[in-house]
Amino acid sequence: MYDLLLFAIFPYVCIIIAILGSVWRYTNDRFSYSSLSSQFLETRQLFWGSVAWHYGILGVLMVHFVGFLIPESILW
């Protein structure tokens with residue numbers, strides 16, 4: 001029962017909340033979307049941390065995508 005909740009229902013609930021929250025924020029506070037307001041790239045330390053994080057998350061997403069492309073018969 002918990003497996004169904006954690007791995008089948010919960011991810012979709014999180015995605016729906018993220019989409020609805022983004023739409024709500026965009027319609028109610030449109031000008032809060034700006035990279036200048038967060039000032040992530042102002043200092044050199046934050047710049048290099050941000051670049052490394054973005055490359056890392058792209059790698060993780062690509063590996064997950066490749067994992068979805070592998071046929072199930074090979075995984076067994």
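How many helices and strands are there in the protein chain? The count comes to 4 helices and 0 strands, taking DSSP runs numbered from the N terminus (H or I of at least four residues for helices, E of at least two for strands). Along the sequence, that gives the pattern α-α-α-α. This is a predicted model, in which local features need pLDDT of at least 70 and side-chain atom pairs count only at pLDDT 80 or more, while totals for chains, interfaces and linings use all residues. Residues are numbered from 1 along each chain as its sequence is written, and side-chain values use heavy atoms, with hydrogens and water left out.

On to confidence: pLDDT, the predictor's confidence in each residue from 0 to 100, has a mean of 82 over the protein chain, with 82% of residues at 70 or more. Where pLDDT is low, the predicted coordinates should not be read in detail.

The unreviewed UniProt entry places the feature "transmembrane region" at residues 6-26 and 46-70; such annotations may be inferred rather than shown by experiment. In the model, residues 6-26 are 100% helix and 0% strand, with end C-alpha atoms 29 Å apart. Residues 46-70 are 96% helix and 0% strand, and their end C-alpha atoms lie 37 Å apart.

As for the surface, 3% of the 76 residues count as buried (under 20% relative accessible area; exposed is over 50%, partly exposed in between; 1.4 Å probe, protein chains only). The accessible surface of the protein chain is about 7,600 Å², and carbon and sulfur atoms hold 74% of that. Ile9 lies in helix α1 and is partly exposed, because its relative accessible area is 40%.

Technical notes: Accessible areas come from the Shrake-Rupley method with a 1.4 Å probe; for residues, only the protein chains shown count as cover.
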